[in-house]
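Let's take a friendly walk through a protein model, one piece at a time. Keep the picture in view as you read.

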Amino acid sequence: MTFLDTGILVGALLKSHPEHEVCLTALEDSVRPFTDAHALAETFATLTGFYKVPTDVAAELTLSLCDSLVVEAMGWVDYEMAILEARSRGIMGGGIYDSLHATFARRKKAARIVTRNPSHFQHVAPDIEILTP
């Protein structure tokens, strides 16, 4: 199973993204791709905030990802574990969000995490292979 991070999802959706082709290929070629629902919220936020995509288009694009990968909500156990791991690993600030993704990926037994930000995951997921397209 392959966990796909928000940056890959955004890049795969936006044809104007400088890494669109490699992100789309990462999505299409991943073995049993999945992500968490929080990554969909981050995708929508990035599309509408950073890229200024109109909300109706961003919503349609974001939800279309459900045709290409499995999306599941995180449970309380994921949040609890991520916070406890953050404490033990010295993770602060926004690093908790990548820790949440890594905790979810670990619980789902992901073999790898595909991300455009490998440095964000090296500290929170040293036990999972981190790939960059």
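## Strands side by side

In this predicted model, F3 stands opposite F34 in β2.

## Two covered faces

In a regular strand, side chains alternate between the two faces of the sheet. Are the residues on the two sides of strand β2 (residues 33-36) buried or exposed? P33 and T35 lie on one side, F34 and D36 lie on the other, and all of them are buried. Both faces of β2 are therefore covered, because buried means under 20% relative accessible area.

## Two helices that cross

Two packed helices are described by the angle and the distance between their axes. For helix α5 (residues 76-89) and helix α6 (residues 95-107), the axes come within 9 Å and cross at roughly 120°. The two helices are therefore oblique to each other, and the crossing of α5 and α6 is right-handed.

Which residues meet where α5 and α6 touch? From α5 come V77, D78, Y79, M81, A82, I83, E85, A86 and R89, and from α6 come I96, S99, L100, T103, F104, R106 and R107. The residues of this contact divide into nine nonpolar, two polar and five charged.

Methods:
Residues numbered from 1 in each chain as written. Predicted model: local features only at pLDDT ≥ 70, side-chain atom pairs only at ≥ 80, totals over all residues. Heavy atoms only, no water. Axes fitted to C-alpha atoms, helices over the stretch in contact; angles between N-to-C directions. Helix = DSSP H or I, 4+ residues; strand = E, 2+ residues; numbered from the N terminus. Parallel < 35°, antiparallel > 145°, perpendicular 65-115°, else oblique. Left-handed = near helix turned anticlockwise from the far one by under 90°. Contact = heavy atoms within 4.5 Å. Nonpolar A, V, L, I, M, F, W, Y, C, P; charged D, E, K, R; others polar. Buried < 20%, exposed > 50% of the residue type's maximum accessible area, 1.4 Å probe, protein only. Pairing = 2+ DSSP bridges.
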